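Hi,

Here is the structure I promised to pass on.

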Amino acid sequence: MKQTTSGEHYSVPEAAAYLNTSIRFVRRLIADRRITFYKLGRHVRFKRADLEAFVQAGRVEPITADSVLRDLRRAV
C-alpha cells in the first residue's frame, strides 16, 4: 500500500490496511456513519487519530474476579 505523503491522512484502502479489515468493511462504516471521515471532493480520507479513536471505542476490558464481583453487586 502506498502511503500518502503526509502520513496523516489515509484513503479507504489504506484505512482498511491500517485497521486490518476489508475495504468493504470500511465502506460499510462510512455508509453507516460509524466512523469519522473527511470528504475532499469525491475522495474520502481518514485521519490516523480518528482511526485510533474508532479502535479505542471498541475496546473491551478483560474479565477479572473484581469486575465479576462488582457486576454481581450491581445486579442485586
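**What I found**

Of the contacts in the chain with a separation of 6 or more, 41% are between residues 24 or more positions apart; contact here means heavy atoms within 4.5 Å.

Before you read on: this is a predicted model, where local features need pLDDT of at least 70 and side-chain atom pairs count only at pLDDT 80 or more, while totals for chains, interfaces and linings use all residues. Residues are numbered from 1 along each chain as its sequence is written, and side-chain values use heavy atoms, with hydrogens and water left out.

The chain has 4 helices and 3 strands, in the order β-α-α-β-β-α-α along the sequence. Both kinds of element are DSSP runs numbered from the N terminus: helices are H or I with at least four residues, strands are E with at least two. The radius of gyration is 17 Å, well over the 11 Å that the globule rule gives for 76 residues, so the chain is more spread out than a compact globule. (That radius is taken over C-alpha atoms, and the rule is 2.2 Å times the number of residues to the power 0.38.) Along its principal axes, the C-alpha trace spans about 55 × 25 × 20 Å.

Buried residues make up 24% of the 76 in the chain. Buried means under 20% relative accessible area, exposed over 50% and partly exposed in between, with a 1.4 Å probe and protein chains only.

Now for the core. The largest nonpolar core has 13 residues, and Val 26, Ile 30, Phe 46 and Leu 51 touch the most other members. Such a core is a set of buried Ala, Val, Leu, Ile, Met, Phe, Trp, Tyr and Cys residues joined through side-chain atoms within 4.5 Å. Helix 1, helix 2 (23–31) and strand 3 (43–47) each supply at least two of its residues, with the largest share, 4 residues, coming from helix 1. Leaving out residues up to four places away in sequence, Val 26 touches Val 12, Ala 15, Ala 16, Leu 19, Thr 21 and Phe 46.

Which residue sits in the loop between strand 1 (9–10) and helix 1 (12–19)? That is Ser 11. Ser 11 is buried, with a relative accessible area of 14%. Beyond its neighbours within four places in sequence, Ser 11 is in contact with Val 44, Arg 45 and Phe 46.

Cheers
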